[in-house]
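Student: I have a model open and want to go through it in short steps. Can we take strands, surface and pockets in turn?

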Amino acid sequence: MSQHEKKFSASNVPDTSVSTSKSEVTQTAVKYEYSPDFPGILKHLGASLALSTYQAGKVAVIGVQDDALQFSFHNLEQAMGIAVGPDAIALGSRREIHLLRAAHDIAPGITPAGTHDAAWLTRHSFRTGDIHGHELAWGRDGLWAVNTRFSCLCTLQESYSFVPRWRPPFITALEPGDRCHLNGLAMLDGRPKFVTAHGDSNEPGGWRATKATGGVVIDVESGATVARGFAMPHSPRLSHGRLWTLNSGAGQLGTIDVDSGRYESVATFPGFTRGLAFHGQFAFVGLSKIRETSVFGGMPLEEHRSELRCGVGVVDLTSGRTVATLQFHSGVDELFAVSVLPDCLRPCVVGPHDVENERADIWVVPAIAAAPGQSTSLPSAVPPADATSPAEQLSRLVALADEFQREGRVQEAIQAYQKAIALEPRRASLHCNVGNLWQQLADRQQQQQAIECYELALECDPQCIPAMQNLGFLFGSQGRTAEAVQQYEQLLENDASPLNRLLAASVLPVVYDSVEEIDVWRNRLTDRLDELIAGQATIDTTDSLVPTSFFIAYQGRNDVEVMRRLGSICQGPELTRPAAGVLKRRSDGRLRIGFLSAYFRDHTIGRLNLGCIQQLDRSRFEVTVLSASRSHDSVAESFRAAADRYRTLPQNVTQARRVVADQDLDILIFADVGMDSLTTTLARSRMAPLQCATWGHPETTGSAQIDYFLSSELLETSDADDHYTERLVRLPLLGTYFERPTLSQGPSPLVPRPSTHTYVCPQTLFKFHPDFDAVIAGILVADPQAQIILLEGRDQHWTDQLKRRFGRTLPESGKRVRFLPAMPREQFLRLLATADVVLDPLHFGGGHSSYEALSVGAPVVTLPGEFLRNRITQALYRKMGFTELIVGDATQFIETAVRLGTDPSARENTSRRILETCPVLFEDLAEVAGLEDWLWSRGELHGVDRPDTVTNGTF
């Protein structure tokens with residue numbers, strides 16, 4: 001444990017409305033310690049924490065610097081609720097709610113320069129009076145507050161202290177009196193969904209009489225009590241598909257089955273639990289010591305009062321274990337709220353009373369762009385109301401938002417658009433623009449915010465075409481297929497353009513219920529494509545994005561004809577001079593090679609491609625990296641460092657195409673086509689004399705502008721040329737210089753059940769073809785102690801759909817299938833290392849995950865098929881010279897998996913041999929050499945004509 005000490009003025013204010021006089025404030029040393037894993041968890045998440053302490057009157061911000069926690073404390077009288085939004089933080093205090101706005105662009109320059117990676121600066125304070133606002137949350141209607149004193153949920157409006165919006169059905173009057181001690185709020189889709197209260201009393205302070213057993217959780221929409229019997233519950237949250245709450249007086253974190261009301265404790269702590277935040281696979285739980293017995297007397301924790309702690313416990317949800325702790329030894333005895341600040345490790349927060357830190361003033365001032373002697377126009381996110389008309393303000397804000405978007409400052413663009421919406425809330429295009437920006441941020445919560453924006457756009461204009469297009473896309477990507485189809489049907493009623501017809505045709509389920517369902521959807525797709533072709537419909541992709549058709553690859557069929565149809569419909573311009581296939585002679589004799597992807601970051605595509613780009617021979621090749629992502633993680637920075645030239649592509653397809661063409665490349669390599677709309681659209685155009693795709697997405701592109709598909713002799717069957725619209729290149733190896741991952745020490749995310757054998761299939765759920773169910777069922781029947789471990793889908797709909805299918809195909813044995821939440825890479829490697837067997841699914845198997853599994857000695861059973869997409873694992877085994885786990889049919893798959901799962905000695909021997917032979921997979925320069933030789937063979941260098949043919953079996 002690392003021990004530290006810091007001093008601040010602490011007022012030790014009790015949980016009452018009595019204030020503390022100035023003379024009562026004393027200097028108090030804050031001593032704290034934390035477990036070694038705590039900084040590492042925050043660093044992995046790329047996040048920091050904000051804690052409020054009512055007792056000490058502080059907000060603590062906790063970041064990471066040089067693998068150690070860094071604390072800053074900010075004065076706030078009776079600090080209570082914290083709400084973290086995408087561009088703002090709300091802090092609740094005794095009589096006010098303070099609004100801090102994001103100013104991340106100035107963070108690196110804040111003194112000392114280079115210290116911070118994010119900044120929030122106080123901009124407004126709203127005086128509510130002493131409402132005891134326990135929790136705050138951002139939603140569709142702005143900021144929601146739990147108004148404990150008036151027993152209601154409220155929002156804010158300048159004309160009032162607060163606007164009451166909801167109260168429990170047993171509360172009969174809007175009066176101060178803290179009748180039920182309403183305190184916690186869980187949001188769903190931007191609206192209040194559940195609240196916690198210490199009782200269902202309608203008398204002032206009436207909850208106190210039954211505080212040890214009278215706590216309730218209430219459904220806001222229906223007003224029904226869904227669970228009761230808690231000891232002073234707090235902090236309800238909806239996360240990982242479950243309703244969580246803190247049974248505070250018992251020191252517990254647990255889940256509630258909403259249908260039955262049953263509460264199940266997940267973790268118990270030595271403290272009064274209050275304050276809860278989720279991020280990734282972790283739950284951050286606030287702990288407090290018990291204060292005066294008049295409030296906390298009679299709690300289950302009271303008998304252990306001397307043992308209670310104040311701090312934060314970190315629970316790994318994959319195992320239910322507390323994996324890290326932060327403990328305050330003095331100065332802080334009680335925590336109120338715990339919130340995660342995402343996407344920053346070293347935040348700068350300037351609170352409303354930021355005197356204690358003695359921070360120099362920080363000014364945010366718009367730049368003056370005009371030269372001396374010229375009139376100046378100051379761009380402003382908030383144009384002065386008395387300086388311009390509303391129309392001029394609106395135009396200025398939209399221009400500012402567009403500028404921010406071009407610079408990749410997405411959050412600031414959202415802020416500017418939201419201010420524009422405040423001026424003209426009924427303009428549909430503004431809501432659509434904000435929805436588009438939310439989509440760029442690309443996590444599940446932000447997808448939901450995008451959906452809300454498009455729904456608002458349709459409320460403003462029921463015939464808003466972009467809103468319909470985007471809603472259909474988002475519903476489809478979430479697995480809400482019926483809703484996507486319905487949305488696209490509405491779209492076609494308003495605009496049956498070729499692009500909209502293609503969008504409607506491209507809807508496919510994420511998880512199929514049966515093979516027959518695959519046939520239905522595939523026939524629907526091909527029939528609609530044939531209709532477009534018969535009508536000679538084409539889509540000019542010059543300035544229009546086209547859909548990816550990503551999910552076609554997971555149907556288990558030969559997609560070449562479907563993709564060829566798509567390629568004939570979607571056509572882009574040619575920007576290269578000289579003509580396609582003709583390379584220039586350059587003075588330095590090198591070939592200019594470009595690599596393009598939206599995933600050159602901490603992602604499978606990033607890890608598969610980084611090493612090769614780093615190792616390419618710079619005496620022969622000049623390397624340009626073209627990133628369609630604005631991620632700033634460590635892998636993205638490694639790509640930037642590895643490139644001779646690095647370009648971030650605009651999100652506008654016309655501008656992005658121009659940027660690529662301006663690089664004057666000889667050969668352009670798409671690391672993946674079909675995973676991202678922008679790169680898929682760019683692949684329809686000619687931007688370099690030679691253009692290639694490779695197996696980041698192992699599917700033909702269908703584009704006439706992609707000349708070659710770079711694959712491997714190890715990956716392809718003898719007749720695989722028929723699977724591609726491109727000319728197939730069989731490199732001698734896989735073309736990846738893959739860095740071997742390091743297995744760190746720590747607990748496994750899997751807590752095995754007694755006497756079980758663990759079979760892990762660590763793949764995303766759209767890889768679970770219905771044919772694979774028979775293999776899973778066979779393993780469960782052959783091994784009664786088998787436990788199948790899967791990972792939850794990115795969207796809860798995916799998991800729910802697969803569970804419904806398993807309910808039919810695995811009716812009894814399916815009870816031994818467990819789903820774990822998504823987890824960081826270190827935990828993922830530990831899961832693979834502790835698995836008895838890893839299962840490679842049929843039709844679309846592992847790639848990057850198979851590298852990882854073999855690196856830790858995990859035996860992966862694989863059944864290679866006809867297509868590249870499920871031949872990667874066998875290719876790795878072939879390179880290793882270890883082929884015993886490559887099976888020929890489903891029966892052999894089951895037998896092999898069960899033999900390893902039930903025979904520890906067989907498993908240990910197999911693992912040992914994998915560890916002996918797998919080093920050839922990693923950091924192998926021969927992989928790079930094979931790619932270099934092929935690239936060099938394409939050139940016309942040093943005045944020597946090189947024929948466009950290759951012998952020795954390359955093609």
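This is a predicted model: local features need pLDDT of at least 70, side-chain atom pairs count only at pLDDT 80 or more; totals for chains, interfaces and linings use all residues.

Student: Which strand pairs with strand 4 (residues 58-65) over five bridges?

Tutor: The pairing runs in the antiparallel sense. Strands of a sheet pair through backbone hydrogen bonds. The partner covers residues 48-53 and is strand 3.

Student: What is the strand order of the open sheet of four strands?

Tutor: The pairing in this sheet is antiparallel. Strand 5 (68-75) and strand 26 (337-341) each have a single partner strand, so they stand at the edges. Neighbouring strands are turned by 20° against each other on average, direction ignored. The order is 5-4-3-26.

Student: In the hairpin of strand 24 and strand 25, which residue takes a positive phi?

Tutor: Strand 24 (residues 310-316) and strand 25 (residues 321-330) pair in the antiparallel sense over seven bridges. Within that pair, Gly-311 stands opposite Gln-327. Four residues lie between the strands. The phi is near 80°, and the residue is Gly-320.

Student: What percentage of the 955 residues count as buried?

Tutor: The cut-off for buried is under 20% relative accessible area. The chain folds into 23 helices and 41 strands. Its accessible surface comes to about 37500 Å², with 48% belonging to carbon and sulfur atoms. The buried share of the residues is 59%.

Student: Is Asp-800 buried, partly exposed or exposed?

Tutor: Asp-800 sits in helix 17 (residues 796-809). Its relative accessible area is 30%. Buried needs under 20% and exposed needs over 50%. Because 30% falls in between, Asp-800 is partly exposed.

Student: Which element gives the largest share of the lining of the second largest pocket?

Tutor: This pocket holds about 1000 Å³ of space. Its lining has 31 residues, and those nearest the centre are Arg-242, Glu-264, Glu-792, Lys-803 and Phe-819. Elements that each supply at least two lining residues include strand 19 (242-247) and strand 39 (817-820). The largest share, five residues, comes from helix 17.

Definitions and conventions. Residues are numbered from 1 along each chain as its sequence is written. Side-chain values use heavy atoms; hydrogens and water are left out. Buried means under 20% relative accessible area, exposed over 50%, partly exposed in between (1.4 Å probe, protein chains only). Two strands pair if DSSP finds at least two bridges between them. Axes are lines fitted to C-alpha atoms, for helices over the stretch in contact, and angles run from 0 to 180 degrees between N-to-C directions. Accessible areas come from the Shrake-Rupley method with a 1.4 Å probe; for residues, only the protein chains shown count as cover. On a 1 Å grid over the protein atoms alone, a cavity is a set of points where a 1.4 Å probe fits but cannot get out, and a pocket is an open set with protein on both sides within 12 Å along at least five of seven lines; lining residues have an atom within 4 Å of a point. Grid points are joined across faces, edges and corners, and a volume is the space filled by probe spheres set on the points.
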